[in-house]
Amino acid sequence: MIKFLKSSIGSKQVIGLAGLGLAVFVFAHMAGNMLIFVSPEAYNKYGHALTSNPLIYFAEAGLVAIFLGHVILSLWLSWKNWKSRGSQAYTYKKPKKTKASLASRTMWAQGLVILVFIILHLLTFKFANDGYYVEYGGEKMRDLHRLMIEVFQQPLYVVGYTFCLLLLWGHLSHGVSSVFQSLGMTGERSAPAVKTIGWIYALVVCLGFISQPLYVYFFYSA
Amino acid sequence: MKIHLKVWRQKGPEDKGCMEDHTLDDVSSEMSFLEMMDVLNQKLIKEGHDPVTFDHDCREGICGSCSMVINGDPHGPQKATTTCQLHMRAFKDGETIYVEPWKAKAFPVIKDLMVDRSSFDRIQAAGGYVSVSTGNAPDANAIAIPKLTSDEAFLSATCIGCGACVAACKNASAMLFVSAKVSHLDLLPQGQEETHLRTQRMVAQMDEEGFGACTNTGSCSAACPKEIKLENIARMNRRYTGSQIKSS
């Protein structure tokens with residue numbers, strides 16, 4: 001197993017599989033958060049149902065493990081790849097567009113920005129010391145809706161959030177289809193279709209997320 | 001044609017290297033790129049300077065010896081063309097052309113534009129062969145091989161091992177080369193017997209040589225003078241995982 005993990009193919013496959021797990025998570029996260037368009041009660045109750053379920057600790061531990069595996073292995077592989085290129089770059093800088101997409105060439109950079117974003121995102125929402133609570137049917141729960149409305153009414157946060165989500169689009173658009181190539185599941189005919197599906201998947205996830213702060217900032221009124 | 005050249009000069013593996021400027025006034029548009037380099041070298045020799053060292057052999061686009069990054073593209077701007085088959089008509093009169101060697105840790109520069117590609121030989125020696133005794137050439141139809149399969153194997157076998165894929169890849173990955181070598185043997189019945197061992201050994205040697213991992217950008221296939229397809233990499237990935245599961 002260690003030999004497999006250390007190999008260039010094995011490590012890439014594990015990174016890809018972990019990334020695919022995270023891609024499924026962000027889709028579920030986006031879909032759940034769309035309750036913002038339903039009502040504050042639906043949104044808060046959904047959050048409460050998730051966090052009050054004892055299984056959440058196992059799910060969170062699993063998610064953290066997958067996330068760390070993805071990040072640590074990616075950093076290690078990026079460092080190895082950087083070493084393989086050698087110390088000197090080509091003198092001639094190509095002005096024309098290469099076949100390789102910008103997203104595929106800058107995965108590590110997007111990943112690092114997204115990592116910082118996730119840490120800030122968790123501090124802003126999950127670990128916020130806001131003291132906002134609400135009661136529905138006698139059950140007390142966090143008023144996540146109020147917190148979210150406040151945060152998404154700050155222009156700087158909305159701009160930053162949108163920028164990071166656009167990076168996530170790039171990251172997912174390459175990552176989701178790339179994992180199937182790394183696992184050897186694509187053929188000559190299926191590869192373009194898989195690429196398109198990955199691109200659409202990324203678009204759906206990111207548009208779903210971005211629609212929320214934009215809705216709050218431009219259209220929401222209490 | 002008047003051509004301005006910026007050529008990479010490096011005295012040896014330990015030398016830092018730098019670009020050197022030259023101008024050629026009377027270049028024929030019908031010359032191949034290597035012939036133009038020959039003209040440059042004749043000029044340098046006449047002037048008492050050290051000629052530019054570069055690899056070349058068949059000059060027919062089949063040996064894989066020539067290896068120059070021309071204006072940032074391995075083998076130059078023309079699609080599916082080796083440096084020796086590239087002609088000066090692909091450039092404009094008065095153009096400045098940058099000529100550099102393959103740059104990768106696993107391809108150390110020997111001198112100027114010549115790099116040591118013996119790492120490819122070692123990968124090939126690790127498993128890129130069929131060791132089963134096949135005896136005399138059997139009857140052509142004794143082993144039935146579907147046309148599509150043999151076509152695919154032959155397409156993979158057209159890899160000339162020039163290393164353009166490594167030169168083009170941002171990670172200096174050799175996956176396209178190794179996967180072509182794995183594929184052309186694995187697709188045929190005689191090669192399938194050793195498929196797992198072959199893939200494991202060749203991938204292990206590839207990693208040992210210090211090539212990077214594939215990040216599926218597709219630059220390798222775009223730069224390949226023989227248009228080796230990315231599907232070979234997917235096939236090798238599949239074989240490698242299968243071989244690991246089988247051996248564990």
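## Terms and model

A residue is called buried when its relative accessible area is under 20%, exposed when that area is over 50%, and partly exposed in between, using a 1.4 Å probe and the protein chains only. The model described here is predicted, so local features need pLDDT of at least 70 and side-chain atom pairs count only at pLDDT 80 or more, while totals for chains, interfaces and linings use all residues. Residues are numbered from 1 along each chain as its sequence is written, chains are lettered from A and ligands numbered from 1 in the order in which they are written, and side-chain values use heavy atoms, leaving out hydrogens and water.

## The interface between chains A and B

Taking contact to mean heavy atoms within 4.5 Å, 48 residues of chain B are in contact with 36 residues of chain A. The buried area, which is the accessible area (1.4 Å probe) that two parts lose on being put together, summed over both, is about 3,400 Å² for these two chains, and carbon and sulfur atoms give 50% of that area. In chain B, the residues that lose the most area to chain A are K103(B), K170(B) and N216(B), which together make up 16% of what that side buries.

## A salt bridge across the interface

A salt bridge is counted when a side-chain nitrogen of Lys or Arg lies within 4 Å of a carboxyl oxygen of Asp or Glu, and between chain B and chain A the count is one. The partners are K229(B) and E188(A), with 3.0 Å from N to O; K229(B) lies in the loop between α8 and α9 of chain B, and E188(A) in the loop between α8 and α9 (190–218) of chain A. Helices here are DSSP runs (H or I, at least four residues) and strands are DSSP runs (E, at least two), numbered from the N terminus.

K229(B) is buried, with a relative accessible area of 19%, whereas E188(A) is partly exposed at 47%. These two residues also belong to a network of salt bridges that links them with E152(B) and R235(B).

## Salt bridges within the chains

Over all chains the count comes to 23 salt bridges. In one of them, R142(A) pairs with D130(A), the closest N and O atoms being 2.9 Å apart; R142(A) belongs to strand β2 (residues 139–142) of chain A, while D130(A), twelve residues apart from it, sits in the loop between α6 and β1 (133–136). R142(A) counts as partly exposed, at 24% relative accessibility. In chain B, E100(B) forms a salt bridge with K103(B) at 3.4 Å, and both E100(B) and K103(B) are buried.
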